[in-house]
Amino acid sequence: MLNIIIFGPPGAGKGTQAKLLAKRYGLYHLSSGELLRQELHDGPLAEKIRNHQTAGELVPDKIIISLLEKAARKKKSSPGILFDGYPRSLKQARSLDRFLKREGLPLSYIINLTLTQAESIKRIVARGKTSGRVDDNRKTVLARFAGYRQEAAPLLDYYRDHPGYLEIDGHPPISEIFRAIRKHIEPAKKRATS
Ligand code: AMP
């Protein structure tokens, strides 16, 4: 199995690369944001989740951990899982480690897409002109970028010594970033399947 976690600041193209990777390797794209939106739509935890999200908070670890593990367990026999938006706290990271161990699944790669603050602002402001997302503007992007840095720093420290940790420059065009990621993933995949 090819299990991957992907990190990246606003505008780094995390969602885009996640989609490309999922398609290329047949991975199940497990986006925590998407999972929560589904639960909000028709799940028993909708009200609790809504309360936290309208307050601009992260959803409590306990809720997201159980939702995510349930979704991941269902896809245990897929070619792999791509974790997008998860983990977002050390508690989630440690819990994911335990979960994968318990299920006998490897953590293959941790992709850290990097982007400067200046480029993040430039891209998000440009995206805001067409995306319709209320948070895609100059005023919020600074806070989002800083928030990401603060949130991701301990997680990146946690994974930095993992043999599958990859730091990938998010500045080049989409296809070039994807190629850079694949360059690391393909040989290992061939080794694992030959
Ligand atoms: P996103 O689509 O990744 O921006 O996530 C949307 C919202 O869902 C966030 O603002 C959080 O409230 C919540 N969320 C997503 N992922 C997580 C997570 N791993 N832990 C806690 N809350 C999360």
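Residues are numbered from 1 along each chain as its sequence is written, and side-chain values use heavy atoms, with hydrogens and water left out. Because the model is predicted, local features need pLDDT of at least 70 and side-chain atom pairs count only at pLDDT 80 or more, whereas totals for chains, interfaces and linings use all residues.

In soluble globular proteins, nonpolar side chains tend to be buried together. A nonpolar core is here a set of buried Ala, Val, Leu, Ile, Met, Phe, Trp, Tyr and Cys residues joined through side-chain atoms within 4.5 Å. Buried means under 20% relative accessible area, exposed over 50%, and partly exposed in between, with a 1.4 Å probe and protein chains only. The largest nonpolar core has 31 residues, of which I5, F7, L30, F83, L96 and Y159 touch the most other members. At least two residues of this core come from each of β1 (4-7), α2 (32-42), α4 (61-74), β3 (81-84), α5 (90-103) and α7 (138-159); helices (H or I, at least four residues) and strands (E, at least two) are DSSP runs, numbered from the N terminus. The greatest contribution to this core, 7 residues, is made by α4. Another core, of 20 residues, lies apart from it and includes I4, L166, I168 and I177. Contact means heavy atoms within 4.5 Å. When residues up to four places away in sequence are not counted, Y159 touches I5, F7, P87, A93, L96, L107, I110 and Y165.

Helix α5 has 14 residues and reaches 20 Å from its first C-alpha to its last, close to the 20 Å expected at 1.5 Å a residue; the expected span is 1.5 Å times one less than the number of residues. Its buried residues are Q92, A93, S95, L96, F99, L100 and E103. Seen down the axis of α5, these residues fall within an arc of 165°, so they line one face of the helix; the arc is that of the directions from the helix axis to the C-beta atoms. The face turned away from the buried side carries the exposed residues K91, R98, K101 and R102. The buried residues of α5 pack against β1, α4, β3 and α7. Just after α5, G104 takes a positive phi of about 70°.

The axes of α5 and α7 come within 9 Å and cross at roughly 30°. Axes are lines fitted to C-alpha atoms, for helices over the stretch in contact, and angles run from 0 to 180 degrees between N-to-C directions. The two helices, α5 and α7, are therefore roughly parallel to each other, a description used for angles under 35 degrees. In this pairing, L90, A93, R94, L96 and D97 of α5 meet P154, L155, Y158 and Y159 of α7.

In α2, the buried residues are S32, L35, L36, E39 and L40. They cover an arc of only 140° around the axis, which puts them on the same side of α2. The exposed residues H41 and D42 are carried on the face turned away from that buried side. The buried residues of α2 pack against β2 (28-31), α3 (46-54), α4 and β3.

Two single residues complete the description. G8, in the loop between β1 and α1 (14-25), is buried, with a relative accessible area of 8%. A180, in helix α8 (residues 174-193), is partly exposed, with a relative accessible area of 26%.

Conventions
Parallel < 35°, antiparallel > 145°, perpendicular 65-115°, else oblique.
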